[in-house]
Amino acid sequence: MPNPAIRATGVVKWFGEGAAKTQALRGVSVDAYFGEMLYIVGPSGSGKTTLLSVLSGILRPDSGGVSVEGAEIWKLGSDKLADFRLHKIGFVFQDFHLFPRLSTAENVAIPLILKRKDWKQAIIEATKYLDIVGLKGRADLPPVKLSGGEQQRVAIARAIAGQPDILIMDEPTASLDGDTGQAIVGFVKQNVLNEKRCILIVTHDDRISQFATRILTMADGVLTGTVKGGSA
Amino acid sequence: MKGILKLAYKLLVNDKAKSTALLVGITFAVFLIIQMTAMFAGTMKRASATVLNLGASMWVMDPAVQTVANTIGMPDYVLDAVRSMQGVSYAVPVYTGGALVKLADGAYQSVTVVGLDDTSLFGRPQLIQGKIEDIYGENAFIVVKDPEFPKLGNPHVGTEFQVNDHRGVIVGIAQVSSSGLFGVPTLYTTYERALQYLPNPRFTISFVLVQPKSPADAVQIKQQVQALGYLALAKDEFIDRITNFYIYQTGMGTNLLIMTVMSFVVGLSISGQTFYTFVLENLDKFGALKAIGAKSRELIFMILFQASFTALTGYGLGIGMCVVLIRLARLRLPDYAALITYWNLGLAFVMVVIIAAISSYFGVRKVLRIEPFDIFRG
């Protein structure tokens, strides 16, 4: 078995206080590997998004550990953790969170700008990533002028622009119709996934399960099972 | 960091409605603050015009005198006493008072008459026409060419008129650094002629102008004058005394303070509210930036840059508006009293910095509290 890209061990997370205190993760342990498109599925409130947040370094667990490529991320200080996210993780948010006042290319260039790349150089590179997702001709348009599927592709371009080892996608098809959703995830598997990259997807959408390498199911803050994904 | 600041700039200026509202708020506040204080500075300069124009280092006066406009005559022995004091290089009398001029067309015009020491002509203005020695000629007066000049019918050298029913003739036209506060023309003549032409009480010396032998002598001169029962002030002290009179004894200062504070509050309200709304509307974007890998200090820089950029642009626009208004006003009112000084600019700048600091403080607090996890949760 190769070394995991991500290894979570006994992750526990609580929310709220007093009577409202809820345990969102109950000692979850999981490994994710390079070259793998790993789905986390389960009903609402099962802890999928919480687990994804803990694995990606944006939500500190109450106990347990997460190591990415062998490094324990929750032992890092806040600046180092931000650097870790910038260099290792690419995010595709459920609502895309594109900047409506920036052009499509400028949106994609954000991780590069945060990496201190020169503005012009960042835009040139961003345009290349827009080309990868088939939106080169839309580089100067604001995201609001794009369709939902196109916005999703812009979000993917932004997520991969920083050349992350791990891509995190939260409900990537939630805002898209069935065909577009399948096309987007299929595109990601074909063009973004490689043997040096691991993709974690939280989804409710059964229609895209064919693209998964492995599917983890969650309920009530625990992993309830693992199944092999489809063959697409 | 340059790219991050450009990102902040684009996020700000591409939101045209918000950035316009922010600029309008700050520009308006700066405009009001500078306009108010410029009017005050202009008025104060006019009020101290005689002190500035005569240029004496020290002024001896009755202790009850608060401004140049309200003089209390001093007896001649004061001049003799001051001249004999230790540390005095020289001392001369000066007379200032009002008179009535009857112009060639029969119209009357109030004027200020300054009577210079006959021997030294100390404090004489710079002539642009005529010769200073002509002031000793019969009925001779020098007129100051300032915005009030046309009120005397644009006189020239040789123009005749009546001053308090005495014949007067213009022998020179002068320029001074500041015209007076009360919108009347100024005539210079000799001290003796001023006493002849103008009705005067028993004591006639308005001020004794003193030149100390050295700046260090000023202190002992003041003490000696005080022992005599009079008051000696350095030029700047006298200007401060005049300014303080208008600030504290006329209500001008209170009005100025109220208007300045109101301008500040209006600017702060508009800008603070708009900037906070701008940050709130972009909060999820800041959260997304945090998730992607922006550090807290980078987000703080972005907000501070946005606030500073708006503040400085608004500051420049406010100053520009004020300058344009003053220029336009002077096209119609040549003696419009408004003066933009470094003090005005400094005060407005400090207030703009405070507005930017308060506006960005709340934005920064909000952004620092947003957790990237909130973005995931929607």
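This is a predicted model: local features need pLDDT of at least 70, side-chain atom pairs count only at pLDDT 80 or more; totals for chains, interfaces and linings use all residues.
Six strands of chain A form an open sheet in the order β6-β7-β8-β3-β9-β10, with mixed pairing. At its edges stand β6 (89–92) and β10 of chain A; each has a single partner strand, so one side of each is left without a neighbour in the sheet. Ignoring direction, neighbouring strands here are turned by 20 degrees against each other on average.

Now look at the helices on this sheet. Helix α2(A) packs on it, touching β6 and β7 of chain A, and its direction makes about 75 degrees with that of β6(A). Helix α6 (residues 178–191) of chain A also packs on the sheet, where it touches β3 (37–41), β7 and β8 of chain A; the angle between its direction and that of β3(A) is about 145 degrees.

Follow the sheet towards β10(A) and you meet a hairpin. Strand β9 (residues 214–219) and strand β10 (residues 222–228) of chain A run antiparallel, joined by six bridges. Ala219(A) has Val222(A) as its bridge partner in β10(A). Two residues lie between the strands of this hairpin, and Asp220(A) in the turn has a positive phi of about 50 degrees.

Chain A has another open sheet to visit, made of four strands in the order β2-β1-β4-β5 with antiparallel pairing. Its edges are β2 (22–32) and β5 (71–72) of chain A, each with a single partner strand, so one side of each lacks a neighbour in the sheet. Two bridges pair β5(A) with strand β4 (residues 63–68) of chain A in the antiparallel sense, and here Ser67(A) stands opposite Glu72(A). Helix α1 (residues 48–55) of chain A packs on this sheet, touching β1 (6–15), β2 and β4 of chain A, with its direction at about 55 degrees to that of β2(A).

Over in chain B, strand β2 (residues 88–102) and strand β3 (residues 108–116) pair in the antiparallel sense over eight bridges. Tyr95(B) has its bridge partner, Gly115(B), in β3(B). These strands form a hairpin with five residues between them, and Gly106(B) in the turn has a positive phi of about 90 degrees. β3(B) also pairs with strand β8 (residues 186–190) of chain B, this time in the parallel sense over five bridges; there, Leu116(B) stands opposite Thr190(B).

How do the two chains meet? Contact involves 31 residues of chain A and 26 residues of chain B. The area buried between them is about 2900 Å², with carbon and sulfur atoms giving 68% of it. On the chain A side, Phe99(A), Arg101(A) and Trp119(A) lose the most area to chain B, together 23% of what that side buries.

The side chains of Asp79(A) and Arg297(B) meet in a salt bridge, at 2.6 Å from N to O.

Terms used
Residues are numbered from 1 along each chain as its sequence is written. Chains are lettered from A and ligands numbered from 1 in the order in which they are written. Side-chain values use heavy atoms; hydrogens and water are left out. Two strands pair if DSSP finds at least two bridges between them. Contact means heavy atoms within 4.5 Å. Axes are lines fitted to C-alpha atoms, for helices over the stretch in contact, and angles run from 0 to 180 degrees between N-to-C directions. Buried area is the accessible area (1.4 Å probe) that two parts lose on being put together, summed over both. A salt bridge is a side-chain nitrogen of Lys or Arg within 4 Å of a carboxyl oxygen of Asp or Glu.
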